[in-house]
Structure formats: structure tokens, C-alpha cells
Amino acid sequence: MLVDYHTHTEFCKHAQGGVEDYVKKAVDLGFDEIGCSDHAPLPGNYDERHRMNLEEYYSQYAPMVSGLIEKYQKRIRIKRGIECDFLDWASEWNSKFIAENSFDFVIGSVHFVGPRGEEKPLFGCEYDETEIEALYEGYFLEIANSAKAGLFDIIAHCDIVKKFGSFSSKRVDELMWEALSQIKKADLCIEINTSGLRKPKRETYPGEKVLTIARDLKIPLTLGSDAHNPERVGMGFDHAINLIKKYGNGRISVFERRRRTEAKVG
Ligand SMILES: [Zn+2]
Ligand SMILES: [Zn+2]
């Protein structure tokens, strides 16, 4: 079984290609499933530069995905997903949005660290060395909180903070362990996100340090490219499949109507 559960499209204003282009690429690759999981709207059009708004979601994206599910039903299973930002203050709103839609899976992402009004975004910016320690600590705290929120099925790219530079400390290790423990406690799965392979560190999100904890805690794994271009669907999956074999018993989580089952990867 091969799935790519994490894809974006031009609807989010920072990716290229329409939904169908991603589906076609997954069909060409012979995948069993592709998840359409563009960035969800947020209340008050928060961070609207990186996402569609509610109107666009309901009038364009959702019907587009429905039409393609139908059109491609003999060629590939298209799953209705969404990548939802965890923001404590937006949880009620997110909960309502998720409940209003019949998703196959909901990916929870931490892209903002810190309290409302002082959030440090994790895209479109850089941090200098003096800020890294606090950023790492805040990041893993938010991952733990996102798992506790009770909103999501998959926790996305759960060490992406490393793209700003390496950092480790006893405190960060503890917070990392606590974050993964909360993921396990909430019975969620994590994705192996291959977009990090294109970055200077050439590591998946998460890398093997976090995956070792995930294996110890028996946290299930799934696969996502985080493609922002149709050409990147399934990118780096050979490597990711090896990681699934090493850290996830060769099994991946697959979803239907938010019910998780497992399948042999490959
Ligand atoms: Zn994006
Ligand atoms: Zn994404």
C-alpha cells in the first residue's frame, strides 16, 4: 500500500498546480491513495497569505475534491483531508470546521509558536541563534498541546523546527519525549514528511531521533510528501519506506472517514 496524504495546491497561494494535477501524478506513480490536504482556513482570515478562505473552501476546493473522487474512482482512492493549524485560541473554530466536513483524515500542524499576538511563524522567516532554544522549547510544547486538543488524526512534520538550525538540550529532549507521549496517549499517528529531504539537512520530518522515540512508544506512522508542486508527489518515498520498515514495522496508517487502519507499506 502506498499513499501520499499531504499535498497542497494553488488554492493556498504558495503552491503550484490544481488538485487534479496532484491526483494525476499519484496515478502515474501507481499509488493506492492520495490525500488532498490543503491548508485549512482560519478564523478572521488569519494568515490568509498561506491559505484559502472559508468561501473558497466551500465553493471551490471541497466540490473540486468531490468531483475528482468520482472521476478517478476506478484509478485511485482520493481521500478528503485537510491540514489544520493548531492554534490554541482557534480550537473551537477549528473543531466546528472539522465537524462540518466529512474528512477522511485531519492533519494537525504546528506552524506558529507562542501566545496569541506573539506567535513566531515557522514559514517565511528566519531566526538567529539567540532565539533557537526558546523556539525549540515552544515548538515541542505546542506539539504536545496539539495532540491534547482532540481535533486531529495525524500530527504533521513533528520536528520541523530543526529547519532553523540544530539545537539540543536536556530540556528539549524532555519536551520532545513529552510531545510524543501525548501523541501516543491521544492515539494519533505521525507522518513521515519527505519535504525535509530537499532542505540542507536532507532529513525527513521527523528524523531518526524522533522516530526512535516513536518506535519505542509504538506510535503508528503514515506518509506525506507535503508537495507544493505536483512533481513532488511521492518524492523521497523510497527513503521514507525504509524508515517505515525500520521504525514502524513496515506498516502505515490509512484513513477512511477518520477511522484508522493499518496496511503493509510498499
Ligand atoms: Zn504550505
Ligand atoms: Zn503541508
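**Notebook: strand β4 and its neighbours**

I looked up the bridge partner of C84 and found that it is G108, in β4. I note that the model is predicted.

Strand β4 covers residues 105–109, and I found 5 of its 5 residues buried. I checked which way these residues point: F105, I107 and S109 face one way, whereas V106 and G108 face the other way. I recalled that side chains in a regular strand alternate between the two faces of the sheet.

Next I asked which strands pair with β4. Strand β3, residues 77–85, runs parallel to β4, and 5 bridges join the two. Strand β7, residues 154–155, also runs parallel to β4, joined to β4 by 2 bridges. On that side I found G108 opposite I155 of β7.

Helix α3, residues 91–99, forms a right-handed β-α-β unit together with β3 and β4.

Finally I recorded the setting of these elements in the chain. I counted 7 helices and 11 strands. The C-alpha trace spans about 50 × 40 × 35 Å along its principal axes. Of the 266 residues, 46% count as buried. I also looked at contacts between residues at least 6 apart in sequence: 76% of these join residues at least 24 apart.

Note on methods. Residues are numbered from 1 along each chain as its sequence is written. Chains are lettered from A and ligands numbered from 1 in the order in which they are written. This is a predicted model: local features need pLDDT of at least 70, side-chain atom pairs count only at pLDDT 80 or more; totals for chains, interfaces and linings use all residues. Helices (H or I, at least four residues) and strands (E, at least two) are DSSP runs, numbered from the N terminus. A residue is buried if 20 or more other C-beta atoms lie within 10 Å of its own, exposed if 12 or fewer, and partly exposed in between; C-beta atoms are placed from the backbone. Two residues are in contact if their C-beta atoms, placed from the backbone, lie within 7 Å. Two strands pair if DSSP finds at least two bridges between them. A crossover is right-handed if, with the strands pointing away from the viewer, the path from the first strand over the helix to the second runs clockwise.
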